[in-house]
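Thanks for coming. I will take this one in order: the overall fold, then a pocket, then some charged pairs.

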Amino acid sequence: MGASVAKRISIANLSSPAKAGDPATTERRVGHGIGTADSTGVTGCPAFAGHDNFGLGVAGVADLAALYRLMAWMSPAYPVGAFSYSGGLEWAVEAGDIRNADALRGWLTTMIRDGSVFCDAAIFCHVHRAAGRADDQALAATAELAAALTGSKERFLETTAQGQAFLQITRSAWPTPALDRLAAAWDGPLAYPVAVAAACAGHGIALFPALHAFLQGVVSNLVSAGVRLIPLGQTDGQRVLAALEAPIAQTAERALATAIGDIGSATLRADIAGMRHETQYTRLFRS
């Protein structure tokens, strides 16, 4: 691969320009660093411009350990029950809002940019930073806000059931003091992005790649639900996921610079879909 793609970049570029130097995003932790100053870019994707630093440098084995964990946690096989939730898509399909791949792409683009996916992304950033600096007060406050931001009963179930499952499984399989600290600081309902972000920070996985992996995992699950509900062919589903790469990257950048007081959504139809699903007569999904 050409040198123009595989160029060396500063570790500070892994975080938002507004957060460069934040120890939670730039600190090198032996054995778990993804995207360090010793790494070389390999993706060559314009969506990752300025962050193209996922190669393996002198600490290649250590980077692989962190990458392995991140891929495991965001895999559909990780047993948090993500497959049983549609985020209101089931009602939107029945109501006729989503009939084909283009409609699914448009609906999910709006959720990513202005809906629950954006809120989760911003919460993820704040939890990762709070866990990285061992700030129990910030952890508890952000966890409480994450639970309060859910727009319906089933959306609350969706995020807190997955969050609690992720916490229990990851504390058992990949223990870290950050998850113990989170459990001690907040004993209320635990939203999914809170649990994942704390685990990533605890294992030294840099914020920017962790956030991208989280968003890709969440959106992949929604695309999978759409494929089953509309229904779509598997190839059409992957076309939708590919088309959402740029919105995910843009939302990640925006989330990194979003103050905690500015987190919110503006997707009323999606919120209504989540509420209407509660009384939908025939249902495959829990949300």
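Let me start with one residue. E158 sits in helix α7. I will come back to E158 in a moment, once the ground rules are out of the way.

What you see is a predicted model, in which local features need pLDDT of at least 70 and side-chain atom pairs count only at pLDDT 80 or more, while totals for chains, interfaces and linings use all residues. Residues are numbered from 1 along each chain as its sequence is written, and side-chain values use heavy atoms, with hydrogens and water left out.

Now the overall picture. The protein has 13 helices and zero strands. Here helices (H or I, at least four residues) and strands (E, at least two) are DSSP runs, numbered from the N terminus. Of the 287 residues, 52% are buried. Buried means under 20% relative accessible area, exposed means over 50%, and partly exposed is in between, with a 1.4 Å probe and protein chains only. A contact means heavy atoms within 4.5 Å. Among contacts with a separation of 6 or more, 78% are between residues 24 or more positions apart.

Next, the pocket. The largest pocket has a volume of about 930 Å³. A pocket, on a 1 Å grid over the protein atoms alone, is an open set of points where a 1.4 Å probe fits, with protein on both sides within 12 Å along at least five of seven lines; lining residues have an atom within 4 Å of a point. The volume is the space filled by probe spheres set on the points, which are joined across faces, edges and corners. There are 50 lining residues, and the closest to the centre are E158, Q162, V218, N221 and L222.

Which helix gives the largest share of that lining? It is α10, with 11 residues. Helices that each supply at least two residues include α5, α7 and α13. By class, the lining has 23 nonpolar, 21 polar and six charged residues. Ala, Val, Leu, Ile, Met, Phe, Trp, Tyr, Cys and Pro count as nonpolar, Asp, Glu, Lys and Arg as charged, and the others, Gly among them, as polar.

Back to E158. Is E158 buried or exposed? At 10% relative accessibility, E158 counts as buried. Leaving aside residues up to four places away in sequence, E158 touches Y85, G87 and S287. A polar atom of the E158 side chain lies 3.4 Å from the backbone nitrogen of G87.

Last, the charged pairs. Side chains of opposite charge can pair when their charged atoms come close. A salt bridge is a side-chain nitrogen of Lys or Arg within 4 Å of a carboxyl oxygen of Asp or Glu, and by this rule the count is nine.

One of them joins D114 and R254, with the closest N and O atoms 3.9 Å apart. D114 lies in α4 and R254 in α12, so the pair ties together parts that are 140 residues apart in sequence. D114 is partly exposed at 34%, and R254 is partly exposed at 39%.

Another is R283 with E154, at 2.5 Å from N to O. R283 is in the segment after α13 and E154 in helix α7, 129 residues apart. E154 is buried at 8%, whereas R283 is partly exposed at 37%.

A further salt bridge, 2.9 Å from N to O, is formed by D180 and R171.

Technical notes. A polar contact is a pair of N or O atoms within 3.5 Å; within protein, one must be able to donate a hydrogen and the other to accept it, and residues adjacent in sequence count only if both atoms are side-chain atoms.
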